[in-house]
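Open the model in your viewer and keep the sequence panel beside it. We will go from stop to stop, selecting a few residues each time.

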Amino acid sequence: MLAAALLAAALLAVASGCAPSSSEDRDRASRSHGAASQPPSRSPRPVPAGLPGMPPVLDPKDIYAANRPGQLSPVVKDFPSRIYVPNTTSDTVSVIDPKTYEVIDTIKVGIQPQHVVPSWDLKTLWVNNNRGHTLTPINPKTGKAGRPVDVHDPYNLYFTPNGKYAVVMASLDRELVFRDPHTMAVKKTVPVSCYGVNHADFSPDGRYFIVSCEFSAELLKVDTEKMEVVDQQRLPFRGAMPQDVKISPDGKTWYVADMMAHGVWVLDGDTFSTPKLMPTGRGTHGLYVSRDSKSMFISNRGEGTISVFDFRTRKLKKKWKLPDGGSPDMGGVSTDGKVLWLSGRYDSEVYAIDTRTGKQLARIPVGGGPHGLAVYPQPGRYSLGHTGIFR
C-alpha cells in the first residue's frame, strides 16, 4: 500500500512538472537548518585515471576549464545562437533569438517535454517527451526537428563522460536506462529502489555519478563503468525533494538543490558523506556555474530569486530578485557568460538576467509550463547532458 501511495504521489507530481511546496513544508524548512557546515577544505589532489575513452581532464583544479567564453568546439562554432524552451503543458519547444529576445519559432514535439538536452558529441538536441515516451531530435544547425525515437519515460537524459552511453532518468519506471547514445537502443536497465530519479552529475574522473531521487528524498551513487548503484542515502530532512546536482570546479564538493528544504545540500562525493544544508531561498531548483568558474547561480523558484554562491569563500554572496516576481527554474549561461537564462515554470515565460548585476534584461512569453531550457551552443568539448553540462 505504501508503494502504491508513493507511486500515486509521483504521478501527480510529474503531471505538474514538479510539485510546488506547501506552507507546512516551508515552515518545516525554516525551522530546520541554519547555515550549512561545509566539508573541510582539502589540499589539491591529482585526478585519478579517467573512465576509459573519456577525454582527459584539462585542469585538475578546474573541471570547467573548457567552458570559458567563446571556447566553442569546431562542431558547434557555426551553429546559430538560440534558446530552446520545452513547454510541458503545450507540447512544444519555443525557440528564442537571444539577440532580439523574441520567439522566432515554435516546434511541435511529443507529450510533456521536460528538458532539451545536448548530445555528448554536441551534434543533436534531444527533447525529452516524458509522457509521450519519445525523444525528438533537433538539428541545432538548421533548427529543424527530426523523427521522434521511442524511449519510455524519458524524464531527463545524461551521457557518460566517454560518450559510450546515454543514461535515461526513467522517473516513474524507477530505472536508470543505459542506451546507445545515437540510436537510443537499450544496453542495460538498472532498477532503483528510490522514487523519482531526476538529475545527476559526474565525478571529475567520470567513474561515478550522483543522482537525485525527488519523490523519496534520496541520493544514489552509481558506478559508471559497471552501471550499478553502489551506495544510497536518504537526506536528513523530512519532506526533502532534491533537484539539480552540480559538482564544484575543483571536483571536491557536490551540491544538490532541494525545493522543499529551500536550500542546497553540500557533501563529499568520494566518501558519499551525510549532506549539510545551506539555505538559499524558497523552492531551490537549478544550479549553474559561471563562465569563470568562480560562482554558482542558484534559482529559487518559490520566491522568484537567484542566489549567487562563491566557490572560493564557500558562501552566498548576493541574492537577486526578479522585479515582478516569477518562478525561475532551469536554464543555462550564455556563451559569453554575460546572461543567465531561466524558464519561468509557472508563469509561461523566460527570464534573461545580467550575470554581473542581476538586472532583468528581458521577460519573454512562451508556452505553458516552460521547464529545462537549453542555451545553445555553449563552450565545451563534450556534453554530459541535462540542459547542458559541458566539460
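Which residue in β11 is the bridge partner of Met 169? Select Leu 176: that is the partner of Met 169. The two strands here are β10 (residues 166–170) and β11 (residues 175–179), which run antiparallel and are joined by five bridges. Strands are DSSP runs of E with at least two residues, helices are H or I runs of at least four, and both are numbered from the N terminus. Two strands count as paired if DSSP finds at least two bridges between them.

Before moving on, a word on what you are viewing. This is a predicted model, in which local features need pLDDT of at least 70 and side-chain atom pairs count only at pLDDT 80 or more, while totals for chains, interfaces and linings use all residues. Residues are numbered from 1 along each chain as its sequence is written, and side-chain values use heavy atoms, leaving out hydrogens and water.

**A second sheet**

Next, select β17 to β20. They form another open sheet of four strands, ordered β17-β18-β19-β20 with antiparallel pairing. Here the edges are β17 (242–247) and β20 (276–279), and the twist averages 30 degrees from one strand to the next. Zoom in on β17 and β18 (residues 253–258), an antiparallel pair joined by four bridges. Val 245 stands opposite Val 256 in β18.

**Into the core**

Now show side chains for Trp 254, Tyr 255, Trp 265, Leu 287, Met 296 and Phe 309. These touch the most other members of the largest nonpolar core, which has 29 residues. Such a core is a set of buried Ala, Val, Leu, Ile, Met, Phe, Trp, Tyr and Cys residues joined through side-chain atoms within 4.5 Å; buried means under 20% relative accessible area with a 1.4 Å probe, counting protein chains only. Elements giving two or more residues to this core include β14 (208–213), β21 (284–289) and β22 (295–300).

Centre on Leu 287. Beyond its neighbours within four places in sequence, its contacts (heavy atoms within 4.5 Å) include Val 245, Tyr 255, Val 256 and Met 296. Another core, of 23 residues, lies apart from this one; among its members are Val 167, Leu 176, Val 190 and Val 222. Leu 176 takes you back to the residue that bridges to Met 169.

**A buried glutamine**

Go to Gln 114 in strand β4 (residues 113–118). Is Gln 114 buried or exposed? Gln 114 is buried, because its relative accessible area is 0%. Its side chain makes a polar contact of 2.7 Å with that of His 371; the term covers N or O atoms within 3.5 Å, one able to donate a hydrogen and the other to accept it, and residues adjacent in sequence count only if both atoms are side-chain atoms.

**Last stop: β1**

Select β1 (residues 82–87), where five of the six residues are buried. β1 runs antiparallel to β29 (residues 374–376), with three bridges, and Arg 82 stands opposite Tyr 376. β1 also pairs antiparallel with β2 (residues 92–97) through five bridges, with Val 85 opposite Ser 94.

Notes: Axes fitted to C-alpha atoms, helices over the stretch in contact; angles between N-to-C directions. Buried < 20%, exposed > 50% of the residue type's maximum accessible area, 1.4 Å probe, protein only.
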